[in-house]
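Look over the structure below, then read the report beside it. Turn the model as you go.

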Amino acid sequence: MPEIVLNPESNTCSMKSLEGLIVVLAMLVPFIAIKSHDLSTYAYWSVVTAIYLVYISLSRW
Amino acid sequence: MNEFLYAFAIYAVIGTVIAVLAMRGVRTQEEYYIAGRRVSGIVSALTYAATTYSAFMMVGLVGLTYASGVGALGFELFYLVGTLFLLSYYAPKVWDLARERGYITPGDLMAERYGREVAIFMSVIVSIALVPYISVQLIGVSLILEKTSAMGFEVGIAVSAILIALWAFLGGLRGVAWTDAVQGAFMLLTAIAAVLWVYTFGFSDMNFFTELPKLGDLLVVPNKIWTPVRFIALVVPWFFFALTNPQVFQRLYIPKDRASLRRMVILFGFFGLIYTILVTFLGLELRLLTEIGKFPAVSDRDAVTPTLLNLIPTWLGIAVSISIFAAAITTANSIVLTLSSMLTRDLFGSERIEIGRTLLLILTVAISIFALHRPNYIVELAVLSSTMLLCQLPLILGVFHFKGGGRTAGVTTLAAGFTTAILLSYTATSPLGIPASIWTLLVSFATFFIISRLETRG
């Protein structure tokens, strides 16, 4: 069986893990910090996702 | 009713014409299952979106938002950021490998890395996980068609099954992708129309934002429904959807070049964000209208959209009904085609597309029979599907991050994770208060690392 050999890219991987952690923590903020009875939570989640989408669009893969 | 049937006939004819046009040149499995790796970024994005976003969005998510509030948006957007995160890292690697080594199914990658037995086992597991899931989609849309008096339940199942099989049978992935692209755009447009209509006519004599505080705790998390544990239990399986669900994983093979792959991911992200915002906003609008007495209180959350369909103008009701139908069809035929490819290549080791087409028909019949008989356990299995598929995650990540592990580690990881998901669901238990999805991940990863280590020493 031929072995699949990939470049471990450990630096890229750890940077990506940090990025993932930041995104997950940012998405959990409403559980702790947003308590107003308006569209704040709704807007917050939408904006965080939009910012991440723009970041993905602009960053080098 | 007649208007719906005319519109439905036009929809079916347009889809069939597209599938027939896509038939040309389909002679090999590469052409049939992954459109010869020549799909543009825009079509790739629309088929990825239409495959991902099922009838759950316009029915389940509208109802979930109506019943539970903004937590439903958080749950769905968590899935989206998870997908973007995973795709931005793994999609180029998977695309490179698939092109370099000629992969057609997700199982091809597993077979090369862990051995053919793992690919065989995986094809069986994903079939068990996804056949009930598709059946439930068919049940859902057929019930909606029945409630809106468009057609009977059995006729709805039969028509759905015929369209699922026909479009995939004729054009393979190219047929599915082209019909997905048209339907995906239609799903987005009808969601915009529904949100605007409800906003314009529901709040014509009052200010939406002034009335909003009447929703109370539905506007914040956690609330009575969205507890942190429930949120995590639902989010975890969906966060990894892009890697664990073969119908979307296989779509990483189809873009014609790297630029198209990148375009696919980014455009899918924009589609997902806009569609999710529209659908959840519709749920909030309807709940607020209930609170102020302008929309009936609906206790069954899956009945929220059907209730709306009976109140909106006929033309919009028809458009929304067809968009829900389209959402179910696009998801179902993509899954059926992927399962057909996995069973043909990975399970039976065949290179013939005739075998794949036959299996596609058999799968569609099986799904229809499941849907018509509606066994009690079918809904539980469908809900469990994303958790069951988590057992593949260590193996997929292992390809890119872990040198150890082979045939034994692959098979035992799948067996242990799959068994954990089934057992915890069957006994309805959450040991230590930890949800089944987390247990499935923990057991799968632990098995993978332990057996890989033992296998390496051996």
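## Ground rules

This is a predicted model, in which local features need pLDDT of at least 70, side-chain atom pairs count only at pLDDT 80 or more, and totals for chains, interfaces and linings use all residues. Residues are numbered from 1 along each chain as its sequence is written, chains are lettered from A and ligands numbered from 1 in the order in which they are written, and side-chain values use heavy atoms, with hydrogens and water left out.

## Confidence in chain A

The mean pLDDT of chain A is 87. This score is the predictor's confidence in each residue, from 0 to 100. In chain A, 82% of the residues score at least 70. Among its elements, helix 3 (residues 40–58) of chain A has the highest mean, 97. Helix 1 (residues 10–28) of chain A has the lowest, 88.

## Overall form of chain B

Chain B has 20 helices and zero strands. Both are DSSP runs, numbered from the N terminus: helices are H or I with at least four residues, strands are E with at least two. The radius of gyration of chain B is 22 Å, close to the 23 Å that the globule rule gives for 458 residues, so chain B is as compact as a globular protein of that length. That radius is taken over C-alpha atoms, and the rule is 2.2 Å times the number of residues to the power 0.38. The C-alpha trace of chain B spans about 75 × 55 × 45 Å along its principal axes.

## Helix 8 and its partners

Take helix 8 (residues 153–202) of chain B and helix 13 (residues 258–291) of chain B. Their axes come within 10 Å and cross at roughly 30°. Axes are lines fitted to C-alpha atoms, for helices over the stretch in contact, and angles run from 0 to 180 degrees between N-to-C directions. The two helices are therefore roughly parallel to each other. Angles under 35 degrees count as roughly parallel, over 145 as roughly antiparallel, 65 to 115 as roughly perpendicular and the rest as oblique. By class, this contact has 16 nonpolar, two polar and one charged residues. Ala, Val, Leu, Ile, Met, Phe, Trp, Tyr, Cys and Pro count as nonpolar, Asp, Glu, Lys and Arg as charged, and the others, Gly among them, as polar.

Helix 1 (residues 2–21) of chain B also packs on helix 8 of chain B, at an angle of about 65° with the axes 8 Å apart. The contact includes Phe8(B) and Tyr11(B) of helix 1 of chain B, and Trp167(B) and Trp178(B) of helix 8 of chain B. Contact means heavy atoms within 4.5 Å. Here the classes are 14 nonpolar, six polar and no charged residues.

## Helices 7 and 16

The axes of helix 7 (residues 116–147) of chain B and helix 16 (residues 353–373) of chain B come within 8 Å and cross at roughly 60°. That makes helix 7 of chain B oblique to helix 16 of chain B. Among the residues in contact are Ile134(B) and Phe370(B). Eight are nonpolar, one is polar and none is charged.

## Single residues

A cis peptide bond joins Val221(B) and Pro222(B), with omega about -10°. Pro222(B) sits in the loop between helix 9 and helix 10 of chain B. Ala428(B) is not a glycine, yet has a positive phi of about 50°. Its place is the loop between helix 19 and helix 20 of chain B.

Ile438(B) lies in helix 20 of chain B. Ile438(B) and Ile232(B) are 206 residues apart in sequence, but 8.6 Å apart in space, C-alpha to C-alpha. Not counting residues up to four places away in sequence, Ile438(B) touches Ile232(B) and Val236(B).
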